[in-house]
Amino acid sequence: MSFKAIKQFLENDQRISRLVELNIEDLDPGEVVIKTQYAAVNYKDARGVMGVGKVIGRFPCIPGIEMAGTVTESSHPDFKPGDLVTVQGGRDFGMRRDGAYSEYVRVPAAWVGRVPAGTDPFDIVAMGLAAYTSAVAVVEIERRVKTTDGPIIVTGGTGGSSSFAIDMLAGLGYEVVASTGKKSEEEYLKSIGATRVIGRDEIAGGDKPLEEQRWAGAIDAVGGAPLDAVLRSAKKHAVVCAFGNAASETLTTSIYPFILRSVSLVGINGNHPVPQRGKTWARMAKGGDLHPKHLHQIAYPIKFENLLEHCAKVMQAGIRGRAVVTF
Ligand SMILES: NC(=O)c1ccc[n+]([C@@H]2O[C@H](COP(=O)([O-])OP(=O)(O)OC[C@H]3O[C@@H](n4cnc5c(N)ncnc54)[C@H](OP(=O)(O)O)[C@@H]3O)[C@@H](O)[C@H]2O)c1
C-alpha cells in the first residue's frame, strides 16, 4: 500500500520539500504505526518545510513535529490497532526522524501519548506545542505576577502560540495587551482576550535604555528588537517569558532593566513529550482553567495539498492563529 508524504531533500546544498509516494517500510523504524488524521503547523515546521535555517538535520526527512491519528500496527504492549493517539515533541520527530507530514507515521512507543477519552484529536493537535508552551509561560507569570500588578504584554499577537497566551492570560483575569505587525487584526485579538492592541513599534515609549514602566509581565514569541523594547519598558520586578525567535534569534539590550528594575528574563522551552507534560497539560484539558476558551477561533483546518503554500505564508507573517492540516 502506498501513501503520500512531504519529504525534504538536500540537493546541490539546497533544502527542497516535495510530495512523494512511500510505503510503510520507507519510514524510519518504530514500534507503532499511526494513520495520520491531523498535523500541526508551528513556526518551526514552516521553517523546516521551506528550508529556512537548520530545522531539518538529516536528509531526506519528513518534516512535521506534531500529529494525531489512529494506531494501525503496534509491536508494543501499550498500544493496539484502533487506539487514538498523538505524537508531539518527540526529540527528533520531524527533524532528524520522519515526522508528521505523511499519511502514515512510524515512531517509538515512548513518543506516543493517548488522546484522552472524550477529546477530539483535532483539538489536541490544535493546541499542541503552541498552547502547551504558552501555558508553561502563563504558569510562570501566574506564579510571580498578580493580576493587580498591571498589564501583561504578548508579542507576535496573531501567532498561534501568542493567541493561546492571550486567551489563557485573559481567562486568569490578567489585563492583556497584544502587540502585532497586523493592526488590521485588532478585532480578532480583542475577540480572544486582548484588552488593547498596539503596533510592534509601540511597545516602548522611545529608544532609551529605560523607558516609562508599562508591563508587569510579558510573553514574547519573537525575540530581537521587540523583546528589547519589552525589557526597556518593563515595570520594576516584571517577569518576561521568552520562547520565540520570529523577529530575530539575536537579542541586543542593556543591563539596566535587570540591575535597576529587577526585571527577570525567563527562558521557556515547551518541547516536552506528551507523556511528560503533567499538571500543566491537565489544566489545559476541557474544563481546566487553562483550556483555551477560543480554541476554534484560533485554530482552523487546512488541506494537506495546501501545506506547502501555507508554510510560505507563515514565513511572511501572513497568517493568524494556528493551522491544523487535515488528512
Ligand atoms: N521555546 C519553545 O519551546 C517554543 C515552542 C513553540 C514556539 N516557539 C517559537 O515561538 C515563536 C512563535 O511560534 P508560532 O508557532 O506561534 O508561530 P506563528 O504562528 O507563525 O506566529 C509567529 C508570529 O510572530 C510575529 N512575527 C513574525 N515575523 C515577525 C517579525 N519579523 N518581527 C516581529 N514579529 C514577527 C507574527 O505576529 P504579528 O504579525 O501579530 O506580530 C506571527 O504571526 C517561533 O519563534 C517559534 O519557534 C518556541
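A disulfide is counted when a pair of cysteine sulfur atoms lies within 2.5 Å. The model is predicted, so that local features need pLDDT of at least 70 and side-chain atom pairs count only at pLDDT 80 or more, while totals for chains, interfaces and linings use all residues. Residues are numbered from 1 along each chain as its sequence is written, and side-chain values use heavy atoms, with hydrogens and water left out.

Under the sulfur criterion, the number of disulfides is zero. For C61, the closest cysteine sulfur belongs to C311 and is 14 Å away, which is too far for a bond. C61 is also buried, its relative accessible area being 0%; here buried denotes under 20% relative accessible area, exposed over 50%, and partly exposed the range in between, computed with a 1.4 Å probe on protein chains only. C241 is likewise buried, at 0%.

The peptide bond from F59 to P60 is cis, with omega near -10°. P60 belongs to the loop between helix 1 (43–50) and strand 4 (66–74), where helices (H or I, at least four residues) and strands (E, at least two) are DSSP runs numbered from the N terminus.

Although N12 is not a glycine, its phi is positive, at about 50°. D13 lies in the loop between strand 1 and strand 2 too, and this non-glycine residue has a positive phi of about 70°. N12 is exposed, with 76% relative accessible area, and D13 is exposed at 74%.
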